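Hi,

Here is the structure I promised to pass on. Have a look at it first, and my notes come after.

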Amino acid sequence: MLRMSMFAAAVLGLLATPVLAQEAVDGEEAVDSFVLPAFNGIAVSQAPEAGLGVCFGPFAADAMDCAVAQCVQQSGLSPEECSPNLWCYPHGWVADIFMQHNEGPHWHKFVCDQQDQVSLEAIVKTECAKDFLLSCEVVRIWDNEGQQVFGEGADPQLPPPPTAIE
């Protein structure tokens with residue numbers, strides 16, 4: 001019985017330790033200092049031969065809505081014709097590759113989730129080595145922080161959320 005009581009006391013002590021370790025700052029309630037890292041994903045919406053939307057964000061639904069809106073704005077088509085065709089989370093290093101088939105149709109292929117630029121360039125080289133391609137070139141590259149490091153175009157970051165009304 002004594003062992004059981006000591007075990008229960010030890011478990012309760014361990015469970016209470018994180019609560020006791022929190023310190024209040026300037027009279028405010030204590031908050032855990034441990035925060036998980038924030039990751040972003042990339043959403044792509046494409047209307048073949050007409051428009052493209054690309055957005056980064058932490059939530060799939062928000063990023064996809066943003067990408068669809070960009071595609072609709074660029075193409076003039078409806079949201080149904082600009083449905084999302086890629087969500088990659090976390091995005092890692094990303095390349096936007098323009099590809100054109102020997103018979104004429106063209107599209108953008110996105111390679112994502114690469115650990116570094118060297119890995120990304122190796123995948124791009126493999127993608128562009130396909131026999132049926134008339135043209136294949138990297139249009140844009142983003143690093144693992146979502147910053148564009150190559151190419152031109154609109155910054156595909158989500159707009160900041162509205163400020164809270166107090």
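This is a predicted model: local features need pLDDT of at least 70, side-chain atom pairs count only at pLDDT 80 or more; totals for chains, interfaces and linings use all residues.

Residues are numbered from 1 along each chain as its sequence is written, and side-chain values use heavy atoms, with hydrogens and water left out.

The mean pLDDT (the predictor's confidence in each residue, from 0 to 100) is 82 for the protein, and 70% of the residues reach at least 70. Helix H3 (residues 117–128) does best with 97, while helix H1 (residues 2–21) has the lowest mean, 54. Helices (H or I, at least four residues) and strands (E, at least two) are DSSP runs, numbered from the N terminus.

Three strands make an open antiparallel sheet, in the order E2-E1-E3; strands pair if DSSP finds at least two bridges between them. E2 (51–57) and E3 (84–88) are the edges with a single partner strand each, so one side of each has no neighbour in the sheet.

Now the cysteines: there are four disulfides, meaning pairs of cysteine sulfur atoms within 2.5 Å. In one of them, cysteine 55 and cysteine 66 have their sulfurs 2.0 Å apart. Cysteine 55 sits in strand E2 and cysteine 66 in helix H2, so this link ties together parts 11 residues apart in sequence. Both cysteine 55 and cysteine 66 are buried (under 20% relative accessible area, with a 1.4 Å probe and protein chains only; exposed is over 50%, partly exposed in between).

Cheers
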